[in-house]
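Welcome! Take a look at it first, and then read on by topic.

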Amino acid sequence: MVAHLLRLKLLLLKNSFRRSPWQLVGVGIGALYGLGMAVTLVAGTVYLAEVDPALANTILVSAVSLITLGWALIPLVAFGVDLTLDPARFTTFTLSRPRLATGLLLSGFIGVPGALTLVLLGGQFLAWRQNPATLAAALLGGVLAAVMCLALARLTTTSMARLTGSRRFRDVAGIIAIIPLILLGPIIGSAAEGIDSVLDWLPRLVTVLGFTPLGVFAALPGDLAAGAWGTGAARLALGLGYLGAVLWAWERGLHRSMENPMAPRTSTKAVGRGAFGIFPATPVGAVAARSLTYWLKDPRYAASIVVVPLMPVLIWFTATNAGSPEIMLVLGPLLGILMAFAISADVSYDSTAFSLHVLTGVRGVADRTGRVLACAVFALPVTLLAAVLPPVFLDRLDLLPALLGISLCGLLAGFGVASVASARFTYAVPLPGESPFKTPPGAGARMAIVQLATFTLMFVLLLPGLGLLVAQVLTGDALFGWLALVVGVAEGAVLLVLGIRIGGRWLEARMPELMQAVMVNR
């Protein structure tokens, strides 16, 4: 039974390569990259044999605990470990539950992530090669730690299957997962500054991890190297108990999921008209209500501006490192442009829903105005706060009028540029329901050129206000700051009206081409 499941996994893997040669190429590249990383890390363990055993134990327990924690949590964000042997497909077969669980667990090693984990964790025996007993303990502990990784991954995905099956969970989790990547610079900088304090408490943390499912097997050879054979035996028994408990819990969850397949749940909660009850029953109001609904419910829109609330953190971190808090003053104009840029791909994001605009014959000006109003619900308060708060906290109220004018100019003029760009250019974007961070085929050079040109034009339009701000700083005359406020608001309002009108005319003239473009980009 177990051998049959493993052969089935190998057959499915081989057939997937036959179906798509490019998949074979991608898996080959990923395997080579992962193998290179694993070989590099395993080779690094060779040098741990020359250092103090306590230090080697601290490093290995920390690394194995981190890898095990990743196996337990990352599949929840990646929405499943391996669906080629989906347990739900075995519901109609009278299979032995323990054998099915064993086969599914071991099949996890037939694949790039599982195989590399086995190589990496099993290779830690090189750090304990000077003593046969510690070498054998490290090899056994590495294999058991790899099994623990896959068992925890199976347990978390099975127990959270109903939650991870929710589209809203996948959307939110995907957006949350990108936040650490955006803040990677500040995280690394803070970690580098606190490395001394980390080294102080890391040994104590490793002592605790050595008695948890994350690092219990990795700490086993360290006990033998220290001569604590009794502690090592107790730790091995504890680790086997942990592994047995995880496997038992996963087996029970697997049994329940096969006996009670998840049925789609329907909500009985009354649903009102939402944003359509807020805006007037006009073409502009209808477009604005539909667009605002997208802003509230479509994760692709949230992902496009996920950097907005994180931008103050990034700029503050830069200002702190540079020793110049005045850098925070750029926050208002920058967020104004970013918020306006968020609607530059509205037609592309519409996908086939753009047919509503084509079939109803909505005027281009109404379409452009409605989309701007929907975005302004969020963008205007954010831009105003970003323009006002930094000069207030930095005690530079003399610069407030100029910064307010430049920020509003960036937002309003940016809306005008985006209204033209989205009516003139389309490119491949993630389809409705797909991951907002997916890169569709054909979204490379064209998207980069269009976005770069749009961003550049938005920044160029800030030059009049920036020139007046520079004049105020150099002369100390507050009149230039008030002129920057007037010029910025006036310029932004004029460019907004022009952008809506020009974009509206282009939209009406190019509706068939735009509809064809969004269909091709599917």
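**A first look**

The protein exposes about 26600 Å², and carbon and sulfur atoms supply 72% of that area. Keep in mind that this is a predicted model. Its secondary structure comes to 24 helices and zero strands. Of the 522 residues in the protein, 42% are buried.

**Confidence and contacts**

- The mean pLDDT of the protein is 78, and 75% of its residues reach 70 or more.
- Residues 262-270 call for some care, as pLDDT stays under 50 over this stretch. For these residues the model has four contacts beyond four places in sequence.
- Among the contacts in the protein with a separation of 6 or more, 80% are between residues 24 or more positions apart.

**The nonpolar cores**

- As a general background, nonpolar side chains tend to be buried together in soluble globular proteins.
- In this model, the largest nonpolar core has 51 residues. Trp295, Leu331, Leu335, Ile343 and Phe415 are the residues with the most contacts inside this core.
- Eight helices each supply at least two residues of this core: H13 (283-297), H15 (307-322), H16, H19 (364-393), H20 (400-424), H21, H22 and H23 (478-509).
- H20 gives the largest share of this core, with 10 residues.
- A second, separate core has 30 residues, including Ala101, Leu104, Leu150 and Trp250.

- Helix H16 covers residues 331-341 and is mostly covered itself, with 10 of its 11 residues buried.
- Which residues of H16 are buried? They are Leu331, Gly332, Pro333, Leu335, Gly336, Ile337, Leu338, Met339, Ala340 and Phe341.

- Leu457, Val460, Leu463 and Leu466 make a nonpolar surface patch of about 330 Å².
- Helix H21 (445-460) and helix H22 (463-475) are the elements that give two or more residues to this patch.
- Valine 460 is found in helix H21. Is this valine buried, exposed or partly exposed? Valine 460 counts as partly exposed because its relative accessibility is 42%.

- Threonine 58 is found in helix H3, which runs over residues 53-78. Because its relative accessibility is 13%, threonine 58 counts as buried, the cut-off for buried being under 20%.
- Not counting residues up to four places away in sequence, threonine 58 touches Leu202 and Val206.
- Leucine 139 is found in helix H6, residues 132-159. At 39% relative accessibility, leucine 139 counts as partly exposed.
- Leaving aside neighbours within four places in sequence, which residues is leucine 139 in contact with? Its contacts are Gly122 and Phe125.
- Leucine 139 and phenylalanine 125 are 14 residues apart along the chain, and their C-alpha atoms are separated by 5.2 Å.

How values were computed
Residues numbered from 1 in each chain as written. Heavy atoms only, no water. Buried < 20%, exposed > 50% of the residue type's maximum accessible area, 1.4 Å probe, protein only. Helix = DSSP H or I, 4+ residues; strand = E, 2+ residues; numbered from the N terminus. pLDDT = per-residue confidence, 0-100. Contact = heavy atoms within 4.5 Å. Patch = residues over 30% accessible without salt bridge, like charges linked within 9 Å, V, L, I, M, F, W, Y side chains within 5 Å. Areas by Shrake-Rupley, 256 points an atom, 1.4 Å probe, with all protein chains shown as cover. Salt bridge = Lys/Arg side-chain N within 4 Å of Asp/Glu carboxyl O. Core = buried A, V, L, I, M, F, W, Y, C linked by side-chain atoms within 4.5 Å.
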